[in-house]
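User: I'd like to learn how to read a few features in a structure. Could you walk me through them one at a time?

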Amino acid sequence: MGSKYTKRYSAEFKRDAVALVDSSGKTVTEVARELGVSSESLRGWYRQARADRGQGQPGELTSEEREELRRLRKLAAEQARTIEVLRKATVFFAKESDR
């Protein structure tokens, strides 16, 4: 569970922070300390940027793939709700036609 004081960083800030890690030769922890961000946050941004460039671990999803997966899960949940409504309607009308 996140704190209600969790900071939100812009995509540009994240991109610049990752570029600083790549170009400075410093560790993620050193750069995070200089920027005043959590080293775990910067490490996650760096890992995701590498995956987006095709340099990630095998099986690691790119940002586009994550967004597509999120969209498909939302669609599947919506379709499951629709199927449930139709199932209940079918049961209702089947009972009504038996009367």
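User: Where is glutamine 48 placed?

Analyst: Glutamine 48 sits in helix α3; helices here are DSSP runs (H or I, at least four residues), numbered from the N terminus. This is a predicted model, where local features need pLDDT of at least 70 and side-chain atom pairs count only at pLDDT 80 or more, while totals for chains, interfaces and linings use all residues. Residues are numbered from 1 along each chain as its sequence is written, and side-chain values use heavy atoms, with hydrogens and water left out.

User: Does glutamine 48 count as buried or exposed?

Analyst: Buried means under 20% relative accessible area, exposed over 50%, and partly exposed in between (1.4 Å probe, protein chains only). Glutamine 48 has 19% relative accessibility, so it counts as buried. Glycine 44, also placed in helix α3, counts as partly exposed because its value is 30%.

User: Which residues is glutamine 48 in contact with, leaving aside its neighbours within four places in sequence?

Analyst: Contact means heavy atoms within 4.5 Å. With those neighbours set aside, the partners of glutamine 48 are Leu61, Thr62, Ser63 and Arg66.

User: At what angle do helices α1 and α3 pack?

Analyst: Axes are lines fitted to C-alpha atoms, for helices over the stretch in contact, and angles run from 0 to 180 degrees between N-to-C directions. Helix α1 (residues 11–24) meets helix α3 (residues 39–52) at about 85°, and their axes are 9 Å apart. That makes the two helices roughly perpendicular, a label for angles of 65 to 115 degrees. On the α1 side the contact is made by Phe13, Lys14, Ala17, Val18, Val21 and Asp22, and on the α3 side by Leu42, Trp45, Tyr46 and Ala49.

User: How many aromatic pairs does the structure hold?

Analyst: A pair of aromatic rings is described by the distance of the centres and the angle of the planes. Rings of Phe, Tyr and Trp (its six-membered ring) pair if their centres lie within 6.5 Å, and planes over 60 degrees apart count as edge-to-face. The structure holds four such pairs. In one of them, tyrosine 9 and tryptophan 45 have ring centres 5.4 Å apart and planes at 70°, so the pair is edge-to-face. Tyrosine 9 lies in the segment before α1 and tryptophan 45 in helix α3, 36 residues apart. Tryptophan 45 is buried, at 14% relative accessibility. Phenylalanine 13 and tryptophan 45 are also edge-to-face, with centres 6.2 Å apart and planes at 85°. Tyr9, Phe13 and Trp45 form one aromatic cluster.

How values were computed: Angles under 35 degrees count as roughly parallel, over 145 as roughly antiparallel, 65 to 115 as roughly perpendicular and the rest as oblique. Rings of Phe, Tyr and Trp (its six-membered ring) pair if their centres lie within 6.5 Å; planes under 30 degrees apart count as stacked, over 60 as edge-to-face and the rest as tilted.
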